[in-house]
Amino acid sequence: MNFLIEAFKPACSISIKFSDGKTRKRVPIKRENGQTLLAPLFRNQENIAGKITIEPHQGKRIEHNGVKVELLGQIEMYLDRGNFYDFTSLVRELDVPGDIYERTTYPFEFSMVEMPYETYNGVNVRLRYVLKVTVSRNYGGSIIEYLNFLVHNYSPPPSINTSIKMEVGIEDCLHIEFEYNKSKEDIFFLVKIKIKNMDIEIRRRESTVTGATNHVETETLAKFELMDGAPVRGESIPVRLFLSPYELAPTHRNINNKFSVKYYLNLVLVDEEGLRYFKQQQITIYRLPLQDT
């Protein structure tokens, strides 16, 4: 039995380490099994360098047709799982065909890597960056090891921070103006119906393209109660929303013609009869450098 177990083990172990792995910032990332691990964080056009160590098991000789490392930026549609669309693909050949008898370390470096899109894990799509090491072999199959890393790309805040304004109205019965300007919202009421409560929601809409089919998924990421009970005519309610507890990836616009991610503010009112009145406004989410400090 032990012989059978050993027969199916890989002939060697492969480890991948970044040169600045001890000092580079790490951020949480969720795996497919739901577990969370810490992955190194990079930005667009950074150098990515490190060492790859291959160690044969129990003194075995590894006969190979070459060793290489690839840096891949990939998009995977969950409805087309297993098929990756590469938008970044770089290769470094580490070794020519031959034999590995003992622990061997190969340095590698990718300079000024173009990583234009930010890492994203959504409902139907994920965008990932990965280092892939391949020991090519004929007999027994190639040996492959992966190491995921994250990319965050920063945007300067818009020079003109225009206010967001939404109106909910029923002729001669209800008129509500919602205005957002940086850190507060002012809600003005002209009310002739009995309002029970009012909420504001942050929604994320993910649009994906698989073949000729479009898929749209909408999630409610956060919900805030702005009012409980009937308002007074002419009342103004200042509101401040704290977004740091929520996983808000930046807005993604038509990434590689595969997917988009948009955000919306949704203002919802419910009257005493259970009727709902709402208004939706698209917003843009930016990642600022202070978010990763």
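## Overall features

Of the contacts in the protein with a separation of 6 or more, 65% are between residues 24 or more positions apart, where contact means heavy atoms within 4.5 Å. The structure is a predicted model, in which local features need pLDDT of at least 70, side-chain atom pairs count only at pLDDT 80 or more, and totals for chains, interfaces and linings use all residues. Residues are numbered from 1 along each chain as its sequence is written, and side-chain values use heavy atoms, with hydrogens and water left out.

The protein has one helix and 20 strands; these are DSSP runs numbered from the N terminus, helices being H or I of at least four residues and strands E of at least two. Of its 293 residues, 40% count as buried, that is, under 20% relative accessible area, with exposed over 50% and partly exposed in between (1.4 Å probe, protein chains only).

## Nonpolar cores

A nonpolar core is a set of buried Ala, Val, Leu, Ile, Met, Phe, Trp, Tyr and Cys residues joined through side-chain atoms within 4.5 Å. The largest such core has 56 residues, of which Ile48, Ile52, Ile54, Phe108, Leu131 and Phe149 touch the most other members. At least three of its residues come from each of domain 1 (12-151) and domain 2 (164-283), with bounds taken from an automatic or database domain assignment. A second, separate core consists of five residues, including Val27, Ile29, Ala39 and Leu150.

When residues up to four places away in sequence are not counted, leucine 131 touches Ile16, Phe18, Val69, Glu70, Leu71, Phe108, Phe110, Glu145, Tyr146, Leu147 and Phe149.

## A three-stranded sheet

Three strands, in the order β1-β4-β9, form an open sheet with antiparallel pairing; two strands pair if DSSP finds at least two bridges between them. β1 (12-18) and β9 (104-110) are the edge strands, each with a single partner strand, so one side of each has no neighbour in the sheet.

Strand β4 (residues 48-56) runs antiparallel to β9 and is joined to it by seven bridges. Isoleucine 48 has phenylalanine 110 in β9 as its bridge partner.

## Histidine 252

Histidine 252 lies in strand β18 (residues 252-255). This residue counts as buried because its relative accessibility is 4%.

Apart from neighbours within four places in sequence, histidine 252 is in contact with Glu118, Tyr120, Phe259, Ser260 and Val261. Glutamate 118 is 134 residues from histidine 252 in sequence, and the two are 8.5 Å apart in space, C-alpha to C-alpha.
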